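Open the model in your viewer and keep the selection panel at hand.

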Amino acid sequence: AGLRALDARLAGGFRRLTVRCQHDRPRRAILVTIMRILLVEDDSSVRRLSKELLTRLGYSVTEAASGRAGLALGSDDTRHFDLALCDVILGDMSGPAVAEALSALRPSIRVLYMSGYTDEAIVRTGVLDEGKPFLQKPFTPLQLAKKIREVLDEPVAAAVRQKAIELGMIPLRDDGLRKAAAGMTRRLCWKALNRAAACPKC
């Protein structure tokens, strides 16, 4: 079976995937949740570029020009965020302080820090704890895409790691876990698409 056409559009907080099989069967649609990102960055040019890149990658992006603005958005019960992309050093408060407050409000939110300083320099100053997800500016679209996917996939990777331990298997390296998580996500998406495009002739 093959998908002859595939298009996507935003619809009420979801990505609506519409498919047509190779035998021209009527289109069927499924809804897939869009990952929502809270972008907290006080530099307008960096914020504008980051939002453009994230939007092109298929994420729904909400901007905050300061730490307090980010917290105000994060405390809004009508909004949902899967990840906060937060500058380490903001004009009104530190990125880690924003992340800590957001995590208290939304325990499931993932956080990715970014800064023009290296992660070693940031850790040495005591602003950011060692081992926190970090992306150094300037970054390429590929670096941004890879790092965000890595942070979002971490809960799945953790589940894979725990299952491996329970089964007495040798734990995989972190990069192996991330690949397993990403592969699992891709397989689930394609299974859903193939079911949506099911055709008796295919």
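Which residue in E6 is the bridge partner of Ile37? Select Leu83: in E6, Leu83 is the bridge partner of Ile37. This is a predicted model, in which local features need pLDDT of at least 70, side-chain atom pairs count only at pLDDT 80 or more, and totals for chains, interfaces and linings use all residues. Residues are numbered from 1 along each chain as its sequence is written, and side-chain values use heavy atoms, with hydrogens and water left out.

Now select strand E4 (residues 36-40) and strand E6 (residues 83-87), which run parallel and are joined by four bridges. Strands (E, at least two residues) and helices (H or I, at least four residues) are DSSP runs, numbered from the N terminus. Two strands pair if DSSP finds at least two bridges between them.

Opposite Arg36, look for Ser60 in E5. From E4 the chain passes through H1 to E5, a right-handed β-α-β crossover (with the strands pointing away from the viewer, the path from the first strand over the helix to the second runs clockwise).

Finally, show the whole open sheet: five strands with parallel pairing, in the order E5-E4-E6-E7-E8. Its edge strands, E5 (60-64) and E8 (134-136), each pair on one side only.
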